[in-house]
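This briefing summarises the computed geometry of a single protein chain for a reader working with the coordinates. Please consult the sequence and the structure shown below alongside the text.

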Amino acid sequence: MSTTIIAILTQRAGLCRSALLRTRDVNEAYLAVHAVMTRALSQAGGSQRDLERDLAYALDKRAAVLSAAA
């Protein structure tokens, strides 16, 4: 299991870059990456997830919530 956790944690920097490029907002990027990392770590014993896909989904979901609130 520690190998799985290490594999998840090593993806964080790339996810942060992707989120920042997409959002252009450090806070929004951090919140999205935090949510994705938290979910991945909580499910570390299960099947391996595509964290880039999870990040894209989290960002899309957050954008929808923000546009609905505006």
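When neighbours within four places in sequence are set aside, V36 is in contact with L15, L51, D54, L55 and A58. The model is predicted. The protein chain contains four helices and zero strands, and its pattern along the sequence reads α-α-α-α.

**Contacts around V36 and D54**

- With neighbours within four places in sequence left aside, the contacts of D54 are V36 and R49.
- The side chain of D54 also meets that of R53 in a salt bridge, with an N to O distance of 3.8 Å.

- In soluble globular proteins, nonpolar side chains tend to be buried together.

**Salt bridges**

- The structure holds three salt bridges.
- D60 and R22 form one of them, with their side chains meeting at 2.1 Å, N to O.
- Because D60 belongs to helix α4 and R22 to helix α2, this pair ties together parts that are 38 residues apart in sequence.
- Both partners are partly exposed: D60 has a relative accessible area of 43%, and R22 has a relative accessibility of 44%.
- R62 and E28 form another salt bridge, at 2.9 Å, N to O.
- This second pair links distant parts of the chain, with R62 in helix α4 and E28 in helix α3, 34 residues apart.
- R62 is partly exposed, at a relative accessible area of 34%.
- Side chains of opposite charge can pair when their charged atoms come close.

- Helix α2 has 12 residues and reaches 16 Å from its first C-alpha to its last, which is close to the 16 Å expected at 1.5 Å a residue.
- Just after α2, R24 takes a positive phi of about 60°, although R24 is not a glycine.
- R24 is placed in the loop between α2 and α3.
- The relative accessibility of R24 is 68%; this value is over 50%, so R24 counts as exposed.

- I5, L9 and L41 make a nonpolar surface patch of about 220 Å².
- L41 lies in helix α3 and is partly exposed, with a relative accessible area of 34%.
- T38 is also found in helix α3, where T38 is partly exposed at a relative accessible area of 39%.
- The C-alpha atoms of T38 and A7 are separated by 14 Å, and the two residues are 31 residues apart along the chain.

**Whole-chain values**

- The C-alpha trace of the protein chain spans about 40 × 20 × 15 Å along its principal axes.
- Of the 70 residues in the protein chain, 23% are buried.
- Among contacts with a separation of 6 or more, 60% are accounted for by residues 24 or more positions apart.
- The protein chain exposes about 4,900 Å², of which carbon and sulfur atoms supply 59%.

How values were computed
Residues numbered from 1 in each chain as written. Predicted model: local features only at pLDDT ≥ 70, side-chain atom pairs only at ≥ 80, totals over all residues. Heavy atoms only, no water. Contact = heavy atoms within 4.5 Å. Patch = residues over 30% accessible without salt bridge, like charges linked within 9 Å, V, L, I, M, F, W, Y side chains within 5 Å. Areas by Shrake-Rupley, 256 points an atom, 1.4 Å probe, with all protein chains shown as cover. Salt bridge = Lys/Arg side-chain N within 4 Å of Asp/Glu carboxyl O. Helix = DSSP H or I, 4+ residues; strand = E, 2+ residues; numbered from the N terminus. Buried < 20%, exposed > 50% of the residue type's maximum accessible area, 1.4 Å probe, protein only. Expected span 1.5 Å × (residues − 1).
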